[in-house]
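Let's take a friendly walk through a protein structure together. Have the sequence and the 3D view ready, and we will stop at a few residues along the way.

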Amino acid sequence: MYIILVYDISLEMNGARVLNRVFKICKKYLTHIQKSVFEGEITPAKLKKLEQELKEYVRDDLDSVLIFKNSNKRWLTKEYIGIDSSDVLSNFF
Amino acid sequence: MESYYLYSSGTLIRKDNVVRMETADGRKKDLKIEMTRDLYLFGEVTTNTKCLSYLSEMKIPVHFFNYYGYYTGTFYPREKNVSGKLLVEQVSHSVEEEKRITLAQKFVEGATANNLRNLQYYRRRGKEVGGQISSIEAVRKRIYRTTEIDELMGIEGNIHQIYYSAWETILNNQVEFKARVRRPPDNMVNSLLSYLNMLTYSACLSEIYVSQLNPTISYLHSNSERRFSLALDISEIFKPLIVDRLIFSLINKKIISEKDFEKGSMGNYLKQNAQQKVLRQFDERLNKTIRHRELKRNVSYRRLMRLECYKLIKHLMHDKDYEPFRIWW
């Protein structure tokens, strides 16, 4: 499936550390496309694993992580305004 | 799971628990380690053991290619899926002449069936390849009559020769292609063949890695040293589907032409930007899906390679006789 993950981590109560952890965890599974936005193809099992890892750090009362799921990338159209970052998602470098 | 194709030069390091490729001019790319199947390195890359240990831990094979896109080797992480029982069976099928030839014949038969499929496709499209089809059909009958590997290899050679003789017709006589020439390839079709065969071989190896099979023990090709010859056996079946069809479309649709080649040291090599063009098409092709008749779900061409490994395992474990993959569409 194809997902878009966005997070909002509060900087209160040592939030910088949480932010850093969340960022590093997401990076292992998805492509970082904007400041707090990740996207990419993922399997249901890997998604579970990602959620599990995030739950260890995300504070229920302060932070929020949103995951938009799409069963197939084909049903997602994307447009760029400003900088075209389609290159970031490519597996060629 | 995804493959990464890195043709920039730079360093490959472990950073923040992902692998990062950094170029001299400061561009960088983070590879999502959890979603990576394998890496293909085409540029000049510096790396360290810290990174390699991590890749090994994450079970990611790394395929290396030289400047001309030639296969140099594979960093094959320590096997995690080992099975002593299967290894014993794999070896016994290789040393016992009778068991070995049965499997080898299947590989040749599969490859031939797929070659024919390609020719039949073009015959329907009005190309004059009927002669080659009937010649191959005639030689094909001799596959199961062979008793020795060398004899079988001879037949395989014959079939390929006939098959390749149809190529100029398929390619609308636009390019010269008389025979398969390697080391170095002498014209554009041979260059493309060498390049794509190597990519297919690496892709097969990545799939073998995930299975319990040992890649050094093979059946059709000899168990030579320093080589993962099982990947050669399995890729034989998939070359008509992946490599040959890709070449036909690259040339017939004029995506690749003589301009994309560089002549040097007696050979004919793909230019850097053309290599990338071919690579993208190759990756696209591997991800192409087809509805599988028996599994009743969509599988990618790459997945078919994995299924082939599983079928082979079943044969080796005396579970179900191996039947090679044949293009069914």
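Contact here means heavy atoms within 4.5 Å. Keep that in mind as you look at this predicted model, in which local features need pLDDT of at least 70, side-chain atom pairs count only at pLDDT 80 or more, and totals for chains, interfaces and linings use all residues. Residues are numbered from 1 along each chain as its sequence is written, chains are lettered from A and ligands numbered from 1 in the order in which they are written, and side-chain values use heavy atoms, with hydrogens and water left out.

Let's begin with three residues picked out by a record. The unreviewed UniProt entry gives the annotation "binding site" to B:Glu156, B:His221 and B:Glu236; such positions are given in the numbering used here, feature names are shortened, and annotations may be inferred rather than shown by experiment. Although these residues span 81 residues in sequence, no two of their C-alpha atoms are more than 11.5 Å apart, so they gather at one spot.

Now visit B:Glu156, which sits in helix α5 (residues 149-165) of chain B. Helices are DSSP runs (H or I, at least four residues), numbered from the N terminus. Is B:Glu156 buried or exposed? With a relative accessible area of 12%, B:Glu156 is buried, because buried means under 20% relative accessible area (1.4 Å probe, protein chains only). Setting aside neighbours within four places in sequence, B:Glu156 is in contact with B:Val108 and B:Glu236.

That second partner is our next stop. B:Glu236 belongs to helix α8 (residues 229-252) of chain B and also counts as buried, at 7% relative accessibility. Beyond its neighbours within four places in sequence, B:Glu236 is in contact with B:Ala111, B:Glu156, B:His160, B:Leu220 and B:His221.

Next, look at B:Asn197 in helix α7 of chain B. B:Asn197 is buried, with a relative accessible area of 14%. Apart from neighbours within four places in sequence, its contacts are B:Arg180, B:Lys239 and B:Val243.

Finally, find B:Leu171, in the loop between α6 (167-170) and α7 (188-210) of chain B. Its relative accessible area is 0%, and B:Leu171 is therefore buried. Leaving out neighbours within four places in sequence, B:Leu171 is in contact with B:Val189, B:Ile247, B:Phe248, B:Ile251 and B:Asn252. The C-alpha atoms of B:Leu171 and B:Leu250 are separated by 10.0 Å, while the two residues are 79 residues apart along the chain.

Notes: Helix = DSSP H or I, 4+ residues; strand = E, 2+ residues; numbered from the N terminus. Buried < 20%, exposed > 50% of the residue type's maximum accessible area, 1.4 Å probe, protein only.
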